[in-house]
Amino acid sequence: MTIVMRTPKDRLRHTLLFEFFLLLLCIPIMTFALGKPVEEIGAMSVMLSLAGASWNYMYNYLFDHALVRFNKPLYPRSGMLRVLHAILFEITLLVITVPAVMLMLNFPFMKALMVDIGFAAFVPVYAFGYNIVYDRFFPPPVAVVA
């Protein structure tokens, strides 16, 4: 069987839609929860979205290649694999986002970390659901039996 991966165009669509819907959800919630002006939260969110989108693209690419290397099927993905995928993504993204939150919102490290942990707790749940919906609307390529 030949393993067929998603195309770069499909990965880009996945990433852009992921970030777009995440921003629609998070900007109003974070504005309310942090008591900061929507402009500050919006600017920070867009900057973090760009960082997240860039990492999302690279991370998904590397994750798929790791699955292939370990002779694991790309699809269908079990619930446990999707949970692992989302959690590992958020942990690696924290390295970038905590300093950015500190800088952009003038928060001390612990406050920025708490904000980021709250966000990081939400995003895997969002990512889990988003990826299931995405796979239904944009099914992965079918493997060819040789």
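The side chains of arginine 13 and aspartate 10 meet in a salt bridge, with N and O 2.6 Å apart; the term stands for a side-chain nitrogen of Lys or Arg within 4 Å of a carboxyl oxygen of Asp or Glu. The model is predicted, so local features need pLDDT of at least 70 and side-chain atom pairs count only at pLDDT 80 or more, while totals for chains, interfaces and linings use all residues. Residues are numbered from 1 along each chain as its sequence is written, and side-chain values use heavy atoms, with hydrogens and water left out.

**Fold**

The protein has 4 helices and 0 strands, in the order α-α-α-α along the sequence. Helices (H or I, at least four residues) and strands (E, at least two) are DSSP runs, numbered from the N terminus. Along the principal axes, the C-alpha atoms fill a box of roughly 60 × 25 × 25 Å. Contacts are heavy atoms within 4.5 Å; of those in the protein with a separation of 6 or more, 74% are between residues 24 or more positions apart. Of the 146 residues, 38% count as buried, where buried means under 20% relative accessible area, exposed over 50%, and partly exposed in between (1.4 Å probe, protein chains only).

**Salt bridges**

The count comes to 7 salt bridges.

| Pair | Closest N to O distance |
|---|---|
| Arginine 77 and aspartate 64 | 2.3 Å |
| Aspartate 135 and arginine 82 | 2.5 Å |

How far apart along helix H1 are arginine 13 and aspartate 10? They are 3 residues apart in helix H1, which means a separation of about one helical turn. Arginine 13 is partly exposed at 32% relative accessibility, whereas aspartate 10 is buried at 8%.

The bridge between arginine 77 and aspartate 64 ties together parts that are 13 residues apart in sequence, because arginine 77 lies in the loop between H2 and helix H3 (79-105) and aspartate 64 in helix H2. Arginine 77 and aspartate 64 are both buried.

Aspartate 135 and arginine 82 also form a bridge. This pair links distant parts of the chain, with aspartate 135 in helix H4 (residues 109-137) and arginine 82 in helix H3, 53 residues apart. Both aspartate 135 and arginine 82 are buried. Through shared partners, salt bridges join Arg6, Asp10, Arg13, Arg82 and Asp135 into one network.

**Surface and charge**

The protein exposes about 8,900 Å², of which carbon and sulfur atoms supply 77%. Accessible areas come from the Shrake-Rupley method with a 1.4 Å probe; for residues, only the protein chains shown count as cover.

Which residues make the nonpolar surface patch of about 590 Å²? It is made by Leu12, Leu16, Tyr57, Met58, Tyr61 and Leu62. The elements that give two or more residues to the patch are helix H1 (8-34) and helix H2 (38-69), and the largest share, 4 residues, comes from H2. Patches consist of residues with over 30% relative accessible area and no salt bridge, like charges being joined within 9 Å and nonpolar side chains (Val, Leu, Ile, Met, Phe, Trp, Tyr) within 5 Å. Tyrosine 61 lies in helix H2 and is partly exposed, with a relative accessible area of 41%.

The mean positions of the 11 positive and 8 negative charges are 10 Å apart. Lys and Arg count as positive and Asp and Glu as negative, while His and the chain ends are not counted; each charge is placed at NZ of Lys, CZ of Arg, CG of Asp or CD of Glu.
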